[in-house]
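We will go from stop to stop, picking side chains and then strands.

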Amino acid sequence: MEQATGKGEAERLAGIRGAVRVSRDTPEDLLEATRDLLKAIMRENHLDPEDVVSIFFTATPDLKSEFPALAARQLGLTDVALLCAQEIPVPHAMSRVVRVLVHAYLPRSRRPKHVYLGETRALRDDLPS
């Protein structure tokens with residue numbers, strides 16, 4: 001999907017991926033880690049809140065203390081469609097991970113920058129550090 005910006009540059013709807021490992025399954029730790037991930041994605045992709053259309057969150061089955069989407073609301077993303085789901089329980093998967101898929105408008109000339117914080121960089125060794 002493409003649209004024109006107020007700056008005259010064509011934009012396209014992009015999917016931006018990211019992940020973060022949560023230190024403990026407490027509401028405070030889960031929300032802080034998720035906020036850190038969302039802020040990094042917004043910063044690295046030069047996004048304003050109005051650029052973001054929706055965010056899909058998944059959490060590994062061992063994270064159940066809070067909805068990761070609450071972190072987006074705490075950051076002021078109040079007009080963004082948010083959805084949380086549980087990651088499939090693959091036996092060898094990394095534990096305590098929140099993953100996101102952010103749908104946002106980016107200038108056509110800019111490629112999405114996927115953000116994997118801390119230990120989750122190992123999940124995407126194909127991406128530059």
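The model has four salt bridges, each a side-chain nitrogen of Lys or Arg within 4 Å of a carboxyl oxygen of Asp or Glu. This is a predicted model: local features need pLDDT of at least 70, side-chain atom pairs count only at pLDDT 80 or more, and totals for chains, interfaces and linings use all residues. Residues are numbered from 1 along each chain as its sequence is written, and side-chain values use heavy atoms, without hydrogens and water.

Select Arg24 and Asp29. Their side chains form a salt bridge, 2.8 Å from N to O. Is Asp29 buried or exposed? Asp29 is buried, at 13% relative accessibility. Buried means under 20% relative accessible area, exposed over 50%, and partly exposed in between (1.4 Å probe, protein chains only).

Next, pick Arg43 and Glu44. The closest N and O atoms of this salt bridge are 4.0 Å apart. Arg43 is exposed at 53%, while Glu44 is partly exposed at 34%.

Now go to Arg99 and Glu87. Here the closest N and O atoms are 3.7 Å apart. Helices (H or I, at least four residues) and strands (E, at least two) are DSSP runs, numbered from the N terminus. Arg99 is buried, at 14%.

Nine of its eleven residues are buried, so E5 is largely enclosed by the rest of the structure.

E2 and E5 pair antiparallel over eleven bridges; strands pair if DSSP finds at least two bridges between them. Find Leu13 opposite Tyr105.

Finish with strand E3 (residues 52-59), which pairs antiparallel with E5 over seven bridges. There, Phe56 has Leu101 as its bridge partner.
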